[in-house]
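Take a moment with the sequence and the structure shown here. We will walk through a few places together, one at a time.

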Amino acid sequence: MSNSILNTDGNSQNYGLLELSAKVEYALLALLELAINYGKKVTLTITDIAAKQPIPERYLEQILTQLRRAGIVQSQRGSKGGFLLVREPWEISLLEIVTLMEGERNEKRNANVLTIEKTLVWEIWERANIASVEVLGRYTLQDLCQEREIRSQENPMYYI
């Protein structure tokens with residue numbers, strides 16, 4: 001994963017064209033927790049995930065239900081119950097999760113009033129959309145896990 005794309009310095013961009021919805025953010029945070037524990041084959045409960053990530057439990061329950069219905073996670077009942085990833089973290093792209101949580105977006109163009117200028121604007125917007133799809137498709141949950149590990153080693157937390 002390239003650090004240039006994950007540039008977090010304040011000067012990189014002052015305006016965010018793409019909106020990161022709470023639904024997508026929470027889904028990615030929950031999936032990151034599940035991905036970190038993937039190799040251990042342990043389930044995580046909603047309470048476990050909410051304790052590590054700032055996600056309201058009721059909202060997390062809805063998100064995990066949607067992810068379960070889509071076949072991204074599975075749930076297990078019982079004393080060792082909880083949630084697990086169905087596929088390996090490297091097989092799940094961020095684009096897949098964004099599309100799942102936000103749904104396909106169909107742009108509506110008014111074909112009756114198609115001017116040269118309007119066509120130019122739509123073409124540029126389409127290029128921006130293609131670029132965002134390419135970036136999100138390039139990164140997986142495994143990439144997030146690896147980057148998290150690198151950053152946690154660079155900035156260890158000290159507890160007193």
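First, a word on how to read along. This is a predicted model, so local features need pLDDT of at least 70 and side-chain atom pairs count only at pLDDT 80 or more, while totals for chains, interfaces and linings use all residues. Residues are numbered from 1 along each chain as its sequence is written, and side-chain values use heavy atoms, with hydrogens and water left out.

Let's begin with helix α3, residues 57–69. Helices here are DSSP runs of H or I with at least four residues, strands are runs of E with at least two, and both are numbered from the N terminus. With its 13 residues, α3 reaches 18 Å from its first C-alpha to its last, close to the 18 Å expected at 1.5 Å a residue; the expected span is 1.5 Å times one less than the number of residues.

Now look at which way its side chains point. L60, I63, L64 and L67 of α3 are buried (buried means under 20% relative accessible area, exposed over 50%, and partly exposed in between, using a 1.4 Å probe and protein chains only). Seen down the axis of α3, these buried residues fall within an arc of 95 degrees, so they line one face of the helix; the arc is that of the directions from the helix axis to the C-beta atoms. On the face turned away from the buried side, α3 carries the exposed residues R58, Q62 and R69. The cover over the buried residues includes α1, α2, β1, β2 and α4. Just after α3, G71 takes a positive phi of about 80 degrees.

Step back to the loop between α2 and α3, where you will find Q53. Q53 counts as buried because its relative accessibility is 13%. Leaving aside residues up to four places away in sequence, Q53 touches L29 and E33, where contact means heavy atoms within 4.5 Å.

How many salt bridges does the structure hold? There are 2, a salt bridge being a side-chain nitrogen of Lys or Arg within 4 Å of a carboxyl oxygen of Asp or Glu. Side chains of opposite charge can pair when their charged atoms come close. R87 is partly exposed because its relative accessibility is 25%, and E96 is partly exposed at 27%.

The side chains of R151 and E147 also meet in a salt bridge, at 2.7 Å, N to O. Both residues lie in helix α6, 4 residues apart, about one turn of the helix. Here R151 is partly exposed at 30%, whereas E147 is buried at 9%.
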